[in-house]
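Dear colleague,

Please find a structure below for your review. A short account of the findings comes after it.

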Amino acid sequence: VWCTGDINLCPTGRCVLPPTGTGLTMALRVGPDPWTEYHAAIGEPLELQVNGNPLNTEGGWLKIVWPSDGCPEAEQSWEIQSPFSLGRPLSASPQRWLRYSMDKVPMAGRFWLCWCDRSYGASCALWQHIGLLLLAGPVNVTGIPEMLELLEVFNVTLNGVNLTLEEQLYIAESSCDKPSSFALSPRRLNDGAVSANFELQAPAVAGSFVVCWTRVGQLPQKMGEGFARESRDCILAGWELAAPSIDYQHLTSDGQACSRSCGGGLYEMRRNVIAQAVGGGLKCPGASSPERSRFFSCNTQPCPTALALNAYTEPQWVKPNTFFQVIVEGYFLKPEEDRVVLVQGGDAVECGQAANASGGNASENGSIPQVQWGSGATCSQPVSNSTYLQCGDGVASLV
């Protein structure tokens with residue numbers, strides 16, 4: 001039954017011609033052939049013919065789409081983008097067939113052929129899925145590691161349609177403009193394969209690179225990209241004696257910077273960094289790591305007993321609540337270890353007894369308790385040596 005939906009063409013208002021209950025019997029148009037499968041290969045010519053009986057060769061549309069998109073819905077315009085277009089028909093036979101032609105297939109893959117036999121403006125009354133277009137060749141390369149070392153061997157997969165043993169992959173620095181004599185073929189491949197495994201090798205120069213596909217007689221195409229980095233472990237120098245410092249200033253006869261002049265000290269052996277690690281190389285250990293710093297004994301001979309001959313203050317007369325220094329003269333003195341403290345008690349004071357800051361009780365012999373006055377002062381001033389000690393800084397250490 002044909003219904004126009006136009007009241008001007010349907011005076012009865014029932015939108016039926018003829019205006020009878022029986023309606024009008026009309027023969028259905030078969031339209032395009034229900035299913036057609038076409039084959040071609042990337043880089044080669046393509047000839048495609050749509051047949052039908054009858055076929056709208058004047059107003060019909062042919063559209064190539066990805067299978068995941070499918071053919072557009074009825075009355076939908078060209079909103080779904082085609083991977084590529086065949087353009088206008090090359091030739092036609094009225095109501096029988098339309099022939100399309102392309103000099104070179106631009107890409108490989110599986111595509112649907114969608115046909116619109118009747119359209120109104122930019123909309124199609126009904127899209128039909130009329131066939132499958134199989135374009136042999138590569139689609140992409142998967143499995144490229146995110147980061148590779150220089151000259152590292154890695155495996156990738158070439159995905160495509162109807163792949164053959166003629167497929168080849170190679171590595172290039174930036175583009176696939178030029179074929180390479182180092183292109184590799186898959187190790188084994190079945191007929192009609194959709195994937196092929198390749199073993200490639202990263203370039204010898206650090207930086208980005210591209211994976212290129214080629215085939216005899218075909219121009220190379222970029223299939224993927226990756227990055228190769230240069231890796232180098234940390235480089236350390238050999239063991240060397242550490243240089244003297246404020247804590248290691250006593251040189252031995254062997255040139256070791258010892259921490260003590262006698263009584264057992266330590267000297268350090270160090271390894272300096274020649275070059276830091278690069279890329280994925282082994283990082284340098286810290287400066288205090290056993291791999292870079294080790295200590296050994298030195299100056300183990302017993303120290304002679306110190307002999308203090310004289311001590312006096314500087315200035316000679318000290319007023320209450322003023323700062324001063326104490327000068328000690330003698331033999332075998334140690335500026336880095338010796339210190340002076342002030343105690344009160346008059347003539348009854350005996351050095352070497354425990355100090356009692358709180359006053360405490362009298363000793364058994366009735367002497368005044370030993371009381372330390374302040375915390376004393378060190379004698380490691382720059383002018384101090386084994387026979388002369390300058391104790392306190394004269395500013396804040398003794399009062």
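The notes below proceed from the whole chain to two local sites.

The model is predicted, so local features need pLDDT of at least 70 and side-chain atom pairs count only at pLDDT 80 or more, whereas totals for chains, interfaces and linings use all residues. Residues are numbered from 1 along each chain as its sequence is written, and side-chain values use heavy atoms, with hydrogens and water left out.

The protein chain contains 27 strands and zero helices (DSSP runs numbered from the N terminus: E of at least two residues for strands, H or I of at least four for helices). Of its 399 residues, 35% are buried (under 20% relative accessible area; exposed is over 50%, partly exposed in between; 1.4 Å probe, protein chains only). Among contacts (heavy atoms within 4.5 Å) with a separation of 6 or more, 63% link residues 24 or more positions apart.

Gln256 sits in the loop between β18 (250–251) and β19 (257–258). Gln256 counts as buried because its relative accessible area is 13%. Beyond its neighbours within four places in sequence, Gln256 is in contact with Leu241, His250, Leu251, Tyr267 and Cys298. The side chains of Gln256 and Tyr267 are also joined by a polar contact of 3.5 Å (a pair of N or O atoms within 3.5 Å; within protein, one must be able to donate a hydrogen and the other to accept it, and residues adjacent in sequence count only if both atoms are side-chain atoms).

Leu307 belongs to strand β23 (residues 307–314). Leu307 is classed as partly exposed because its relative accessible area is 41%.

Yours sincerely
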